[in-house]
Amino acid sequence: IRAAHIIARYNTSNGGTRSINHFIATGDVTYVEGENTAKGDKLDYDLTANFYFLAGENASVEGPRGKMTATKSITYDAAEDANRKITATGKARFKADDGRIVFGDKLIAHIAADGTLKTLNAYDNTKVITTNGTEATADNLTYVASTALANLVGNVEIIDNENIMRGDKANIDFDREISRIISSPGGKRVSGTITP
């Protein structure tokens, strides 16, 4: 860990040995653990709970399979090793190692112990950009990595080159680059502009 200022708290065992159980780092913080790097203005890490809170306008957590950024905060909860949870708040952005990008005011990612993305939920002002440049916006988005499918809900708009589709819901298959717009019962009709 590198920072301008670090405060560490210790546990003392019956044998007299001490181990760090909590630390707070402030001022241009960089924390490296294995292949993951966290950066921000402040890092508050509870090692006993395996949970940290990262704050700052340029907060980021980066691993070999992607990078999460936010303008307010990022929390990293590894209490369940096989189902780690990263929550980013404030103009959050996740860029996967394959080039897919997801935006939202709040992102919640669940990842495996090896850093593989399992699911990603995006809330408010969400946007996804596929590897071929297709853009989709919605109120909320859920992405499941095992199926490479994303479900978008609320004020959906998909822009693929000059083609534009709108509706209440949509499904995007990232592997096959196929988008499907769906109208909800009693909701708005599907609309679009298709350019041959």
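This is a predicted model: local features need pLDDT of at least 70, side-chain atom pairs count only at pLDDT 80 or more; totals for chains, interfaces and linings use all residues.
**Exercise 1. Find how strand β3 pairs with strands β2, β4 and β5.**

Solution. Let's take the partners in turn.
- Step 1: β2 (residues 18-33) pairs with β3 (residues 36-46) in the antiparallel sense, over ten bridges.
- Step 2: β5 (residues 59-63) runs antiparallel to β3 and is joined to it by three bridges. A38 has V61 in β5 as its bridge partner.

**Exercise 2. Which residues take a positive phi in the β2-β3 hairpin and in the β3-β4 hairpin?**

Solution. Go to each turn.
- Step 1: Two residues separate β2 from β3 in their hairpin, and G34 in that turn has a positive phi of about 65°.
- Step 2: The hairpin of β3 and β4 has four residues between the strands, and N50 has a positive phi near 60°.

**Exercise 3. Classify the ring pairs F23 with Y31 and Y31 with Y45, and say whether Y31 is buried or exposed.**

Solution. The structure holds six aromatic pairs, and we need two of them.
- Step 1: For F23 and Y31, the ring centres are 5.9 Å apart and the planes meet at 50°, so this pair is tilted.
- Step 2: Buried means under 20% relative accessible area. Y31 has 13%, so Y31 is buried; F23, at 8%, counts as buried too.
- Step 3: Y31 and Y45 also form a pair, with 5.5 Å centre to centre and 85° between the planes, which is edge-to-face. Because Y31 lies in β2 and Y45 in β3, this pair ties together parts that are 14 residues apart in sequence.
- Step 4: Now widen the view: ring pairs link F23, Y31, Y45, Y52 and Y76 into a cluster.

**Exercise 4. How many residues does the largest nonpolar core have, and what does I74 touch?**

- Step 1: The largest nonpolar core has 42 residues, and M68, I74, L120 and L152 have the most contacts inside it. Strand β8 (residues 84-96) supplies the largest share of this core, five residues.
- Step 2: Leaving out residues up to four places away in sequence, I74 touches several residues, including Y52, L54, V61, M68 and I86.

How values were computed:
Residues are numbered from 1 along each chain as its sequence is written. Side-chain values use heavy atoms; hydrogens and water are left out. A nonpolar core is a set of buried Ala, Val, Leu, Ile, Met, Phe, Trp, Tyr and Cys residues joined through side-chain atoms within 4.5 Å. Buried means under 20% relative accessible area, exposed over 50%, partly exposed in between (1.4 Å probe, protein chains only). Contact means heavy atoms within 4.5 Å. Two strands pair if DSSP finds at least two bridges between them. Rings of Phe, Tyr and Trp (its six-membered ring) pair if their centres lie within 6.5 Å; planes under 30 degrees apart count as stacked, over 60 as edge-to-face and the rest as tilted.
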